[in-house]
4 protein chains.
Amino acid sequence: MILITGASSGLGFALAKQYDKDGEPLFLSGRDNEKLIKTVDEMSSSPAFFAANLAKPTAISNLFDRLVELPSTVIHCAGSGYFGAIEDQQTDKIESLIENNLTSTIYLLRELIQRYQDEKVTVVVVMSTAAQVAKAGESTYCAVKWAVKGLLESLRLELKGKAMKLVAVYPGGMATEFWQSSGKAIDTSTFMKPDDAARMLKQAITSAENGYVSDITINRA
Amino acid sequence: MILITGASSGLGFALAKQYDKDGEPLFLSGRDNEKLIKTVDEMSSSPAFFAANLAKPTAISNLFDRLVELPSTVIHCAGSGYFGAIEDQQTDKIESLIENNLTSTIYLLRELIQRYQDEKVTVVVVMSTAAQVAKAGESTYCAVKWAVKGLLESLRLELKGKAMKLVAVYPGGMATEFWQSSGKAIDTSTFMKPDDAARMLKQAITSAENGYVSDITINRA
Amino acid sequence: MILITGASSGLGFALAKQYDKDGEPLFLSGRDNEKLIKTVDEMSSSPAFFAANLAKPTAISNLFDRLVELPSTVIHCAGSGYFGAIEDQQTDKIESLIENNLTSTIYLLRELIQRYQDEKVTVVVVMSTAAQVAKAGESTYCAVKWAVKGLLESLRLELKGKAMKLVAVYPGGMATEFWQSSGKAIDTSTFMKPDDAARMLKQAITSAENGYVSDITINRA
Amino acid sequence: MILITGASSGLGFALAKQYDKDGEPLFLSGRDNEKLIKTVDEMSSSPAFFAANLAKPTAISNLFDRLVELPSTVIHCAGSGYFGAIEDQQTDKIESLIENNLTSTIYLLRELIQRYQDEKVTVVVVMSTAAQVAKAGESTYCAVKWAVKGLLESLRLELKGKAMKLVAVYPGGMATEFWQSSGKAIDTSTFMKPDDAARMLKQAITSAENGYVSDITINRA
């Protein structure tokens, strides 16, 4: 079974649809219950689902208590964007940005490691190319994405020799609602479509007897 | 005038004492008012001071309203540590870690840029070598420090051509109370003393007509 | 048609065999003509081939003059290893290491860009995880691999908006003859087999209308 | 005694003049004997000197055989630049670039470590901000500078616990002849002067009982 967070929109939604089409058992999560129900309705199977704000430890705990079997793969797509020059950014939106991207990912990975570190679970953490470079107009977004990268690379060291594997994904320039609502004026017409990114990502997450693809960057052509 | 945050302990305190000895006008800040008053008492001059939790936007605003002159240099030493394997970390302490290191630094830099981006102000942000590498047992600490590095490097791009300059400092392995209270069992006897780190830092923060030392890493010998 | 360098051994050989099995037209290259002929003999088709020392500009030029059609993909696997503490390394072997890894890659990419920058050619450069981290006992090997990474990332900036795409591949810990002859005593029994790495790599090199997988790290499980 | 390589021009020359003014005993090296003699003539003392092409192992060996005492500090400034789009670069100039920056630094550090790893010698390696980022039009220059950074960071791991210390210096945008002869059209009037960079560097290379400044980036204001 594959657990997807942030399944109601963007890359998470595109991945859910494609895995659903393959007949892969799914468990979907998202912050907004209504959106999540609409998402589930678009699947051909009737995947299990649970709405959870991952920045709340009890919500995460509840989410995993619902799982009736071990997930083979967890794909963490949940996150949000906020952009603009630092002097124009609002403190409440900065707080949400930190919660939605950093706090939630720390709590999710903590829970996953507490529960499954000795299980053959592949945890895919979807970040952004903003985790790899600095960008003007994206200072706080880069900050939370760099944080997740530092977290993930440190946790890999903690998980050395364990069965659980962490896969880092860095997509750049996708055309999701995420950008349209981000307050940053950008022509996204040549951006990757989430469906394309999902297809590439699905294919690139692969493993063999003694190895696995651990880091994947997807970029605009 | 030099404004120092986190002036009540560790590197911030050591810097305050040394600049005070040089007769440099100071403005000291720290979270705890009592500790801050004790700190001020140890100075030969009577530096102005203001206790502020930098994770609170209004506290930062109040702090800068108190300044009677433009600071030539702001040295941001405030921060806190929290260590251990992720599965043993507590969510409330993770939240404090994020607030004390990331949220506060975002708000402080935002305020500084709003007020002084066109002034000749040197802003020194003290991070840690944990901002540069991943470390087992320091996953969340690395996360917040990587975040501050990503923030700072993005803000440099935003400040291109502006009078304000950002200096990044990465000290490694100092023997401060910080470690003693961090819950990580470590022999700190061969660590750098804050006084030594402060002396080196003070000397290395230097500039010339068309250039400046922008990044400094200090390591244990 | 797919052009593979370093096709006579290791990952290059494994890729050649797998693409050959798929019925993919190939052009194979390697330094040693005899080894290359043996490699070609193991293919089900009779792929075109040309032995070339890529550190010699004329050899590269001759190689590309032989191609009767545009390669859709060039997979640059050629390279060599040399390990040990710096004080024990021999200068002639260091020179070979630089030639086989850095000089050759510069000349190959230069030729490819001169000829095909406006063509839909995907150039896959196989490096190593030694391009991403520093390692004791691998100082000169890390040096040449970091060099190739810096080269590739700079060339991406030069190729912005061009049809040619550069894909970076970082495999870690493969069990090739390469290691057996490297003078470094290491138990490679749990290392990835080149066949496994080739299978994952083949699958992960993928693209869509507006995007492509640009960076892939493959690690030991 | 301070040994300076690349002492006949740019930052190396500026450092030599300033240390000479301080009365610091010097040993100067450069590739060109005539230029080196002119350099020595500009010093107030009569520093020892030796012309050496550091890409030749025997030349390095001869250089160190000449030293009559242990150098407290070695400042490696030697290097050369070569710029332009990769398709316009000439192979012989690429080879010189590799020799002057990478091969020479490997051989120099190898010799230093063979001779002095257990001595209190500080080895300062001057690179460039091109060692830290990718740049269009500087692909091969970035390559060799990234190489030196990877080398240095790996050697630090090999030297762990040893008395010898490695200091990394990354200057950006200096106005040296180096640029004027680099074939890259750039207005260097707002660039740092080597004298300014030398003054800052001299001040920032500092150490204390248990620590030292290990990495310094100097940038244009």
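So, the largest nonpolar core: it has 96 residues, and the ones touching the most other members are Phe64(A), Leu102(A), Leu112(A), Phe64(B), Leu102(B) and Leu112(B). By nonpolar core I mean a set of buried Ala, Val, Leu, Ile, Met, Phe, Trp, Tyr and Cys residues joined through side-chain atoms within 4.5 Å. Buried is under 20% relative accessible area, exposed is over 50%, and partly exposed is in between, with a 1.4 Å probe and protein chains only.

Apart from that core lies another one, of 94 residues, including Phe50(C), Val74(C), Leu54(D) and Leu155(D).

Quick housekeeping. This is a predicted model, where local features need pLDDT of at least 70 and side-chain atom pairs count only at pLDDT 80 or more, while totals for chains, interfaces and linings use all residues. Residues are numbered from 1 along each chain as its sequence is written, chains are lettered from A in the order in which they are written, and side-chain values use heavy atoms, with hydrogens and water left out.

Back to Phe64(A). Skipping residues up to four places away in sequence, Phe64(A) touches Leu3(A), Leu108(A), Glu111(A), Leu112(A), Arg115(A) and Tyr116(A); contact here means heavy atoms within 4.5 Å.

Now, how are chains A and B related? Chain B superposes on chain A by a rotation of 180° with 0.0 Å of shift along the axis, RMSD 0.0 Å. That's the relation of a two-fold axis. In chain B, the residue closest to the rotation axis is Ala147(B), its C-alpha at 2.2 Å. And 100% of chain B's interface residues are also interface residues in chain A, so the copies meet through the same surface.

Who doesn't touch? Chains B and C have no contact, and their closest C-alpha atoms lie 10 Å apart. Chains A and D don't touch either, again with nearest C-alpha atoms 10 Å apart.

Over to the other pair. H5(C) and H5(D), residues 139–158 in each chain, pack at about 150° with axes 7 Å apart. Helices are DSSP runs of H or I, at least four residues, and strands are E, at least two, numbered from the N terminus. Axes are lines fitted to C-alpha atoms, for helices over the stretch in contact, and angles run from 0 to 180 degrees between N-to-C directions.

Last one, Pro57(D), in helix H3 of chain D, residues 57–66. Pro57(D) is partly exposed at 28% relative accessible area. Beyond four places in sequence, Pro57(D) touches Thr91(C) and Tyr107(D).

How values were computed:
Copies are superposed by least squares on the C-alpha atoms of residues with pLDDT of at least 70 in both.
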